[in-house]
Amino acid sequence: MSVPYGTYSSRKRRNLLVTTGICQETFVSESEIVEDFEESENEENLCEAHFIPVNDRNSDQTPQMLTPNISVSQFYYICQAIFYTFKLSVVSQKAVIAFISFLFNVKLCYEDMLSSTPKTTFDCVQMCLTCFKPSCNCNNEQVSFYVSNIRKQIAEDFSSAKFINRFPEMKIPPTVNLLINIDSLPLFKSSNFSCTPILLRYTQIPVNRYCLRMIGLWCNLAKPHYSEFLLPITKQLKELCNNGLEIVHPISKLKIFFNVRLLGVTCDAVARAQVRQHVQFNAYDGCPDCFAKGEYLDGAMKYTHFNCSLRNHNDLYHDGKLAISQQRIVRGVKGLSPFSIISDFNLENSFPIDYQHSVCLGIVRQLVTQCFFNPQHTLYVGVHGKKVIDEILLSIKPPSSITRTPRSINSHKHWKASECRSFLLFYSFPALRDVLPTLVYKHWLLLAKIVWILDKNSISARDKNIAATCLQQFSDEFIQIYSSKNCTFNVHSFVSHVIKYIDKFGPLWNFSTFIFEDYLGFIKNSVHGTQQMDKQILRISNQSLLDTNDLPANIKLFLDNILLKSYSSYFTVSSNLLLKNKSFISNCVCHPISSFRVFSKSIFNRNIYRCNETTRRCDSFIHLKDSQFGQIIQFVLDEQLNVFTTVKLYSAVQNEILPYVYELSDPEEHLQCVPITNIEEKLFLLSKSPLVVCKLPNTVEFNL
């Protein structure tokens, strides 16, 4: 890495060397800190430093070159992780391998790397486009799709010690719960090319990309025919669910038998109807969960009834059999789902509603359009109302856990699902307060309260009862406020049936498609060119099997230094060191401090905490484990490498409508220095006058 020494101070050069892993950082005394800060008085941007604990703090402080003891196979592992992180094309991958070979004087080959890394074997299946049979004698056009060996894939995953240790405490016999996602991936805007990956997720493993596996891929100009496309996969899943899976424990070397259970299949409303063999939501019998009849109003199908008799497994199975035998649609059912051949797969509650599409991209976007962009609607707020909303929206500084910062209400058609979710749960509380009528505003907050409660880390019986009561109130007032013309399928399905799926799957994040959409977006960004897209996607899915957390410690350290992604210690030196606070800090930590350092930023539990606001971010408000609310003033690192944070405490008053919103007040100056481990969670600053903060519903979706 080329370092322009002429433009860096000595401290900056040292921090840059530490960040890139060239040398180790040693602890410094208070006098050295003062010299550092005298040197940096006129510096605006300070480098970030990665501190590596040193066993012998009195050792020679000469920079030590990093000389990793890494084998060729481990080098291949590192290369694949770099390729996956930076989404490199094949040409770029070969260039990186050549560079690493030259840099470390090792003989690396691209072809050898492909053969030495974990790989999922996909079988190519041919299918006729006329009769949709995998093997037929007609000479019509054939298409191909790919199906993996699911049993082999799961067995290889559980042969990894760290993978199997991520499971919670196992029951005897343990059960592997699977969740399938089916969704189309538009690779190109100017083509009808259809790409439909089928993804599998282990529900007992923490949600991230490494708990996902690709088990099928359709990549053709023709749209997939799900009955035949899913048949090879459902046959494998049936055999797995019936016979289970036996593996050799990677540590104890004992044979362990696993039960395998398919919990459900998640997809959007269009794909869900196709997979369930049901008519689409624009038909009169379009609801697959109940027998509600649609009404054709204002040029579209509406569902104005919320409490209708529910369909059960026997109803769906019997109607599907009757539809196949009589070659007609029976009460909206066109046939049997390919997943119906799996034992213990309940057709009634195994196709959950995805709140990403039904609420975020459905109800939220619909109501925003009606209130702010439909002049004929009685709730239209006009140009002035939108201007007020924009001023508040663009002034909000969300924490780093929120991926996207707020955009103008005028660009609502281009909002992503996460932006709609943030608008519903957070931004709308201050932005709509003085714009919408009181009744409409409280009704909107009712929906926000429902989603927040059902999207928590865990849901108690009390939470579920509160959400059910709020859903009933929301449905009772919806037609009164918005009229029956706005009772779309999204409103009906979420209000009427979401509690049923909460009972089986738990919180909304556990069966939402946010994690799957994140993985599909990564695949889309990793495809380079228009040739052999299927081969490129399969190669990307193999690279996703590499989890850098499974690497040995020395290799992980080396890889973290290359990718600059270490989360163990991450500080930025602060320029406002106040030595007069030394006695205050010593009293708080209950032991004298001879030397210490002060920082303005830290990463703890995968969350970034900052003392000062940036242009569009605020990460300084926290909730402590003793239920106190505060704002971070500074971070302190003592000579024993313990990290403390100085916090300004506030008194909090909970909002009457939204239980996760608090108004803070500062009756008197109250500072407290606490260990960084006392931080319970980070808060979202909604407004400064008055000072209002709110809690995030969970730490899963908001830390992906």
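These legends accompany close-up views of a predicted model.

**Figure 1. Overview of the predicted chain.** The protein chain holds 21 helices and 20 strands. Of its 704 residues, 54% count as buried. Its accessible surface comes to about 32,000 Å². Carbon and sulfur atoms contribute 51% of that surface. Among contacts with a separation of 6 or more, 67% join residues 24 or more positions apart. Salt bridges number 16.

**Figure 2. Lys397 and Glu613 pair between two loops.** A salt bridge joins Lys397 to Glu613, with 3.1 Å between the closest N and O atoms. Lys397 sits in the loop between helix 13 (382–395) and helix 14 (417–431), and Glu613 sits in the loop between strand 13 (607–610) and strand 14 (621–624), so the bridge ties together parts 216 residues apart in sequence. Lys397 is partly exposed, at 22% relative accessibility. Glu613 is also partly exposed, with a relative accessible area of 29%.

**Figure 3. Lys695 bridges to Glu681 across two strands.** The closest N and O atoms of Lys695 and Glu681 are 3.9 Å apart, and the two residues form a salt bridge. Lys695 belongs to strand 20 (residues 691–695), while Glu681 belongs to strand 19 (residues 679–688). Lys695 is buried, because its relative accessible area of 16% falls under the 20% cut-off. Lys695 is also among the residues touched by Phe426.

**Figure 4. Further salt bridges, paired and networked.** Asp463 and Lys456 meet through their side chains in a salt bridge, at 3.0 Å from N to O. Asp463 is buried, at 11% relative accessibility. Elsewhere, Arg272, Arg276, Asp289 and Lys500 form one network, joined by salt bridges that share partners. Arg272 of this network is also in contact with Phe489.

**Figure 5. The largest nonpolar core and the surroundings of Phe426.** This core has 141 residues. Ile180, Phe339, Phe423, Phe426 and Phe494 touch the most other members. Helix 15 (residues 438–454) supplies the largest share, 12 residues. Which residues does Phe426 touch, not counting those up to four places away in sequence? They are Ile402, Phe684, Leu686, Cys694, Lys695, Leu696, Pro697 and Phe702. A second, separate core has 15 residues, including Cys611, Phe635, Leu649 and Val674.

Figure 6. Helix 6 spans residues 150–157. Ile150, Gln153, Ile154 and Asp157 are buried there. Seen down the helix axis, the buried residues fall within an arc of 90°, so they line one face of helix 6. Asn149 caps the N-terminal end. One of its side-chain oxygens lies 3.4 Å from the backbone nitrogen of Arg151.

**Figure 7. Ser358 and Val359 in helix 12.** Ser358 lies in helix 12 (residues 355–372), and Val359 has its place in helix 12 too. Are these residues buried or exposed? Ser358 is buried, with a relative accessible area of 4%. Val359 is buried, with a value of 0%. A polar side-chain atom of Ser358 lies 2.9 Å from the backbone oxygen of Asp354. Beyond neighbours within four places in sequence, Ser358 is in contact with Ile353, Ile363, Asn490 and Phe494. By that rule, Val359 is in contact with Val364, Leu424, Val451 and Phe494. Val359 and Val495 are 136 residues apart in sequence, with 9.9 Å between their C-alpha atoms.

**Figure 8. Phe489 in helix 17.** Phe489 is found in helix 17 (residues 489–505). Phe489 is buried, at 6% relative accessibility. Leaving aside neighbours within four places in sequence, Phe489 is in contact with Ala269, Arg272, Phe281, Gly286, Cys287, Pro288 and Tyr303. How far apart are the C-alpha atoms of Phe489 and Asn282? The separation is 8.2 Å, for residues 207 apart along the chain.

Key: Residues numbered from 1 in each chain as written. Predicted model: local features only at pLDDT ≥ 70, side-chain atom pairs only at ≥ 80, totals over all residues. Heavy atoms only, no water. Salt bridge = Lys/Arg side-chain N within 4 Å of Asp/Glu carboxyl O. Helix = DSSP H or I, 4+ residues; strand = E, 2+ residues; numbered from the N terminus. Buried < 20%, exposed > 50% of the residue type's maximum accessible area, 1.4 Å probe, protein only. Contact = heavy atoms within 4.5 Å. Areas by Shrake-Rupley, 256 points an atom, 1.4 Å probe, with all protein chains shown as cover. Core = buried A, V, L, I, M, F, W, Y, C linked by side-chain atoms within 4.5 Å. Arc of directions from axis to C-beta. Polar contact = N/O pair within 3.5 Å; in protein donor to acceptor, adjacent residues only side chain to side chain.
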